Amino acid sequence: MRGFHLTLVLAVITLTRLSLRDGLNGVQASTSTSAFVQNVIYSNKIAMFSKSYCPFCLRAKRIFSELQEQPFVVELDLRDDGFQIQSVLLDLTGKRTVPQIFVNGKHIGGSDDLKAAVASGQLQKLLSSN
């Protein structure tokens with residue numbers, strides 16, 4: 001019985017170490033995903049987090065095309081880390097929906113918000129404030 005107890009204790013210690021190690025890797029992955037999102041937002045005049053099949057994303061892309069602006073687009077459904085990126089966006093914006101659009105580092109919102117920013121002239125001001 002003593003040998004069984006020792007084996008069980010060693011198994012628990014090993015599993016605990018694996019859990020801690022995996023948790024740390026999860027934190028590192030989360031940190032690198034967050035760094036990626038921040039880099040996209042602040043390194044591009046226009047950054048859009050999108051899904052390739054989303055009609056609202058397509059509408060936002062069309063609006064930018066009509067304005068002759070080329071956003072940097074991250075297609076979340078085409079990336080292995082798309083779900084993690086959406087989680088980072090939720091932390092940043094309070095929204096999981098797509099598109100999420102940033103202009104010169106400022107969060108615009110989604111497709112309806114973009115349309116409203118164009119109509120009000122706010123988008124043009126943000127684009128020229130670089």
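**Notes on the helices and cores of a predicted model**

1. Start with helix H3. At 1.5 Å a residue, its 12 residues should span 16 Å. The C-alpha atoms at its ends are 16 Å apart, which agrees. Keep in mind that this is a predicted model.

2. Which residues of H3 are buried? They are Gly82, Ile85, Gln86, Val88, Leu89 and Thr93. Looking down the axis of H3, these buried residues fall within an arc of 160 degrees, so they line one face of the helix. The face turned away from that buried side carries the exposed residues Phe83 and Asp91. Just after H3 comes Gly94, with a positive phi of about 80 degrees.

3. Now the largest nonpolar core. It has 14 residues. Those touching the most other members are Val37, Phe49, Val74, Leu76, Ile85, Leu89 and Phe102. Helix H1 (2-43), E1 and helix H3 (82-93) are the elements that give two or more residues to this core.

4. Look closely at Phe49. Leaving out residues up to four places away in sequence, Phe49 touches Val37, Val40, Ile41, Val74, Leu76, Ile85, Leu89, Val98, Pro99, Gln100 and Phe102. Two of these names, Ile85 and Leu89, also stand in the list of buried H3 residues.

5. With 12 residues at 1.5 Å each, H2 should span 16 Å, and its end C-alpha atoms are 16 Å apart, which agrees.

6. Where do the buried residues of H2 lie around the axis? The buried residues are Cys57, Ala60, Ile63 and Phe64. They cover an arc of only 120 degrees, which puts them on the same side of H2. The face turned away from this side carries Pro55, Ser65 and Glu66, which are exposed. After H2 comes Gln68, whose phi is positive, near 55 degrees.

7. What covers the buried residues of H2? The cover includes strand E1 (46-50), strand E3 (100-103), helix H4 (111-120) and helix H5 (122-128).

8. Finish with Ser111, found in helix H4. Is Ser111 buried or exposed? Its relative accessible area is 3%, so Ser111 is buried, the cut-off being under 20%. Not counting residues up to four places away in sequence, Ser111 touches Phe56, Arg59, Ala60 and Pro99. Ala60 is one of the buried residues of H2.

Notes: Residues are numbered from 1 along each chain as its sequence is written. This is a predicted model: local features need pLDDT of at least 70, side-chain atom pairs count only at pLDDT 80 or more; totals for chains, interfaces and linings use all residues. Side-chain values use heavy atoms; hydrogens and water are left out. Helices (H or I, at least four residues) and strands (E, at least two) are DSSP runs, numbered from the N terminus. The expected span of a helix is 1.5 Å times one less than its number of residues. Buried means under 20% relative accessible area, exposed over 50%, partly exposed in between (1.4 Å probe, protein chains only). The arc is that of the directions from the helix axis to the C-beta atoms. Contact means heavy atoms within 4.5 Å. A nonpolar core is a set of buried Ala, Val, Leu, Ile, Met, Phe, Trp, Tyr and Cys residues joined through side-chain atoms within 4.5 Å.
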